[in-house]
Amino acid sequence: EFPPECREADYERKIKAAYPIHPEIFERLYQDWSGLVKFQRTRGVLRLMASVIHALWEQGDSSPLILPAHIPLLDQRVISEIIHFLPDGWESVLEKDVDGESSLPLKLDREKSGTIGRYAAARKVARTLFLASAPTPGAANRGVEDRRIKLGCVQPGESPSIFGDALRHLAQSATYLYQDNARYWYSTQPTVTKLAEDRAEQMKRDSDSVSEEIKSRVQEDLKARGDFLAIRAFTKNSGEIPDEMETQLVVLGVDYTYAKEAGNSAQAQAQAILDSRGNSPRLFKNAVVFLAADRTRLAELDEAVRLYLAWESIEHDKDQLGLDGFQMRQVTNQKTTWNTAVKGRIGETFCWLIFPSQPTSQSPLEWQAVKLSGPDPLAARASKKLKSDTQMASQYAPTLLRQDLDKIPLWRGDGVSVKQLTEDYAKYPYLQRLRSPAVLVASIQDGLSRITWTTETFAIADSWDEKRQRFVGLRANCNVALDADSTALLVKPEVALRQLDAERPTSSPTTGAVATPGGQAPTTSSAGDSGTQTPAQATKPTRFYGSVKLDPARLNRDAAQVSTEVLQHLTSLLNADVEVTLEIQARVEGGIPDNIARTVSENCKTLKFLTQGFEKD
């Protein structure tokens, strides 16, 4: 925590010889201040220390040593002894950043009434810094190390870290305090940090530039679209948001923020957009979700953006400001720092995902708000959260579609058109929100291809013949090309089965063959059948078996794929009895080591393997 020479035995001798004045004061006065033209090495030190000791005696100071931190720079006699040695301009530095009645260190000590305020740490750090840096503004190696600042402040029983914290707070806010890595110094010229703060403060009156920067940053982030086919950001009115069936993410402007208390502006704006598109009512209410900024976090983002723009403007005006190499490095570093801060705060601010929901078709519309987190871009986080909470599906099982058709119901009589269904899922928040109508089309095609359509899914027909009261082109267990605007009709399976049974032709008198539903191959009666032919009953398989080789290096992936693509379909059937067995065979050239064999055997017993063992060829 302190300079290296403090570890030497000679330093204790120095403390004893200089008592009751800390040797650091003499080091600064004889090395740094003696370089000033007006400062007399002996007379100047004696006059200054006489003023300091007298002021401390009057104050009743009971410190064990007089440290640089104890020099009372608020005392007029001490100030007059110091100021007349220095060039013009140091009075304002003392008043504002060191030890004035309205100085920053005094303000920090009062605000931070904990450890910093208890030890007057900010004022002690400022006094020590002033003594060490005021006389050497043009030195090649400017400033003083933080370790030497702590040396001038810390007394027995005090933690050096308290003064380190005070130094960091000063460096962040002081007008005349410069920092270069671990070195600090005062100068009569305001720092570029102060210039940046002043410019950032002025931008509070120019909120348009800040808003435009936020919009630009968010729109850049939204280029990673996640699972959304459409994203509308910062639209001025609801008429700019199309009424489409694809689920779209609407990013609300910074004027519409979300807070947990009732009556927040984000939800009110979301409701207005959901109700209408311009002057027309919005139809597809289940295809819009909203992203809004957090009210509290927006203020932090606003501050970061203003500081970033301030540093950027200083960089732009570097020639006019006459910045030196050190100041340019500071500008570059600070601009990078605040640019990173803005990127991080964008994700922290635009964190509320708002969407309408409706538990049942008779329930009133409700609003749900979910807070997003994570490192992903905004749209990717939103789509991932919707999918994980089953609030948006990019795949939809045909068995679930059949449940919706029957339970709600979505049938219009004995059937419903594909086009009508796609509109239903986009319109009504009590239905599953789908990424796009293509998800529903894929679900329908999957359902039509299943052999179990009579119990699990549905049939399809080209149209309904009103005159003959029958479906035209009725079929099932087949592959069908569809699109979201198709007028083809999904048909209730029991209705389809009755029509197919009624239309099934009888067997030929010469061959005994009969037609079967769904375009299946005809069956032929055996020679032992009676003369009266009856249609063959379509039989369904009752047992499935299968085996597959899995890559042992990618077992998790391959097993999960088998579970999703095969097991999920089988276990969803009523009264299904599904059994899965994992078989492992391993051959190791050169033999299996004893410790591996022992470990595997014990783990197999723990996992309750039915059979397991090792053997020799």
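Begin by selecting helices α21 (453-456) and α23 (555-571), each of which supplies at least two residues of the lining of the largest pocket; helices here are DSSP runs of H or I with at least four residues, strands are runs of E with at least two, and both are numbered from the N terminus. This is a predicted model, in which local features need pLDDT of at least 70 and side-chain atom pairs count only at pLDDT 80 or more, while totals for chains, interfaces and linings use all residues. Residues are numbered from 1 along each chain as its sequence is written, and side-chain values use heavy atoms, with hydrogens and water left out.

Stay with the largest pocket, where α23 gives the most to the lining, with nine residues. On a 1 Å grid over the protein atoms alone, a pocket is an open set of points with protein on both sides within 12 Å along at least five of seven lines, a cavity is a set where a 1.4 Å probe fits but cannot get out, and lining residues have an atom within 4 Å of a point. The largest pocket has a volume of about 2,000 Å³, a volume being the space filled by probe spheres set on the points, which are joined across faces, edges and corners. Of its 41 lining residues, select Phe544, Gly546, Val566, Leu567 and Leu570, which lie nearest its centre.

Next, select Ile584, Gln585, Ala586, Gly613 and Phe614, which lie nearest the centre of the second largest pocket, among the 26 residues that line it. The space in this second largest pocket is about 1,200 Å³.

Now select helix α12 (residues 207-221) and helix α14 (residues 295-316), which pack at an angle of about 100° with their axes 10 Å apart. The axes are lines fitted to C-alpha atoms over the stretch in contact, and angles run from 0 to 180 degrees between N-to-C directions. The helices α12 and α14 are therefore roughly perpendicular to each other, a term for angles of 65 to 115 degrees.

Finally, zoom out to the whole protein chain, which has 24 helices and 18 strands, and whose C-alpha trace spans about 140 × 80 × 45 Å along its principal axes.

Terms used
Parallel < 35°, antiparallel > 145°, perpendicular 65-115°, else oblique.
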